Amino acid sequence: MNKIYDIISKRTGGKFDGVRFARVSLGRRGAVVKVICRDEDYAKTAQCRDELKTLLTEECGFHANISVEIEAVDTSARAVREIVAEFIGKFPYMTAAATDINATDSSVKIKMHKSMLDLAKEDFLPRLAVVLENSFVDKIKIETEIVELKSSVADDGTVYMTQKPKQEEEKEIRYDVETVRPIWGEITENNVLSAGSVKGNNDDITVCGILVMPTEFMSKGVGAKRSRPYEKFLLYDGSRTLQCRFFPRDGFSLLDANVLNKPVCAFGNTEVERGRTGEIAMTVRALCECNAVGLNLLKAVPKPKKYITVKPKEYSEFVQASLFDGGGELPQSLKGTFVAFDFETTGLSIFYDKPTELGAVKIVDGVITETFSTLIDPQRPIPPEVSDKTGITDDMVRGQPLFEEVIPDFYRFSHGAALIGHNIAFDFPFLIKYGNACGYAFGDRATYDTLGIAPRAISGIDNLTLDNVLGNLGLVNDNAHRAQSDALATAKAFIAMQKRLATAD
């Protein structure tokens, strides 16, 4: 329609420069052309409805009836911002950008990460230009700025969101490494990349960070390529995490190496992971404990004295008494306190997405005792496909507690407990990133993954989804893809599988 607009404007000597043909829709009664104009031009444009209809019929060559709808549009900066934010919601990888849109009545500036911009240039930005052209009479200029959202905590505990400029985001951070103690293999470099500075695919690279989340897994394999145990962990540099995997040999295990929450150097290869929006994963071939100048460990803080925003609830269920109290001595693996937890988020990326719900379940000596559950306002749109999966909508989270209001209560709830997740490598980075940003350290927690335990506890299982694991254990998840239900199902699976393993031993 834009070409038709130009033709009609030229043909009429600019008489209709103050209108825009927004769209054409076809129905049983013919074509409907929506014409938009400025509020001050509405009366004048409405008087020319028949003339516009004639011009459109002639220039477009319509053989069907044409009707013209005229609408005065809001040209304020607020209207521009709302249309851009709504359009961003259609693109999952763009959701983080919706929190920082600067608009005037003639321009819009969108702040985004570099990798987000690379994707946006191919699809989002050209389509946004068309949307704006069809929504406003005057041209709206689109500008972009590369930034990184970074949380900071003031002395009074208030959390502020600041913008990290492009030059800081792209700056490579290196540490001078001292006092290297070999853990597995040998590392000789003493000037190494931080975990958060790793980009793309690399061979024979050495990186440094705090080691957290060492957890057992089992690789998939059939025939000659048999499955074998491996271990996952994260390297954390204060703001970013690097996913790592390590295949133990000769009886060595990271779980026995006493390196949890300590600075280490890792040597190996990195590659861009599929399905996690550009995240990097490292296969580690050598590891050492070290001192790294500039790498600071966030110290654990005391447990808060009381719950403020989210209070746990006592848990009671008949199935627990009938299924899990099977008599006999409690396995050593279930002695102590555990918390199974689960996040629902705006998407899959630890870079851009934020939690929308947190659910958790406490286990004490093999018995589920309490639950902890809350929605979280991510302060950004939830993509429709995510809402379809989880049932969590923008209206549900609007006005709910912010993450920084929830995390002190969860820290109290989980204090002193090992953490359990199903595919904990997804949930734990969110806890590390946003928890640490609020001043609450979770790096010293032992972790367990029911996805990694299942191949050892359930003979022949090949599908490791939570629902399939539960099905093999004779359990069900009543409300999958909601955080509280998933956390409860994970807790039950953990108890059942630990009892199976204890019996098998």
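Residues are numbered from 1 along each chain as its sequence is written. As the model is predicted, local features need pLDDT of at least 70 and side-chain atom pairs count only at pLDDT 80 or more, while totals for chains, interfaces and linings use all residues, and side-chain values rest on heavy atoms, with hydrogens and water left out.## Overall make-up

The protein has 15 helices and 20 strands. These elements are DSSP runs numbered from the N terminus, with helices (H or I) of at least four residues and strands (E) of at least two. Of the 505 residues, 50% are buried, where buried means under 20% relative accessible area, exposed over 50% and partly exposed in between, with a 1.4 Å probe and protein chains only. Among contacts (heavy atoms within 4.5 Å) between residues at least 6 apart in sequence, 66% join residues at least 24 apart.

The table lists the packing geometry. Axes are lines fitted to C-alpha atoms, for helices over the stretch in contact, and angles run from 0 to 180 degrees between N-to-C directions.

| Helix pair | Angle | Axis distance |
|---|---|---|
| H5 (residues 114-122) and H6 (residues 124-133) | roughly 55 degrees | within 4 Å |
| H11 (residues 403-414) and H12 (residues 424-437) | about 105 degrees | 10 Å |
| H13 (residues 450-457) and H15 (residues 483-504) | roughly 35 degrees | within 10 Å |

The angle between H5 and H6 makes the two helices oblique. For such labels, angles under 35 degrees count as roughly parallel, over 145 as roughly antiparallel, 65 to 115 as roughly perpendicular and the rest as oblique. On the H5 side, Leu117, Ala120, Lys121 and Glu122 meet Phe124, Leu125 and Pro126 of H6. Five of these contact residues are nonpolar, none is polar and two are charged. Here Ala, Val, Leu, Ile, Met, Phe, Trp, Tyr, Cys and Pro count as nonpolar, Asp, Glu, Lys and Arg as charged, and the others, Gly among them, as polar.

H11 and H12 are roughly perpendicular to each other. Their contact brings Phe403, Ile407 and Phe410 of H11 to Leu431, Tyr434 and Gly435 of H12, a set with five nonpolar residues, one polar and no charged.

H13 and H15 pass in a left-handed crossing, meaning that the near helix is turned anticlockwise from the far one by less than a right angle (clockwise would be right-handed). Thr450, Ile453, Ala454, Arg456 and Ala457 in H13 touch residues of H15, including Thr490, Phe494 and Arg500. The contact divides into seven nonpolar, three polar and two charged residues.

H12 is mostly covered, with 14 of its 14 residues buried. Its 14 residues should span 20 Å at 1.5 Å a residue, and the end C-alpha atoms, 19 Å apart, agree with that; the expected span is 1.5 Å times one less than the number of residues. Asn423 has a positive phi near 65 degrees, although it is not a glycine, and is partly exposed at 29% relative accessible area. After H12 comes Gly439, with a positive phi near 90 degrees.

## Two more residues

Asp365 sits in the loop between strand E17 (355-364) and strand E18 (367-375). This non-glycine residue also has a positive phi, of about 50 degrees, and its relative accessibility of 41% makes Asp365 partly exposed.

Tyr230 belongs to strand E11 (residues 229-236) and is buried, with a relative accessible area of 13%. Phe217 is 13 residues from Tyr230 in sequence, and their C-alpha atoms are 5.3 Å apart.
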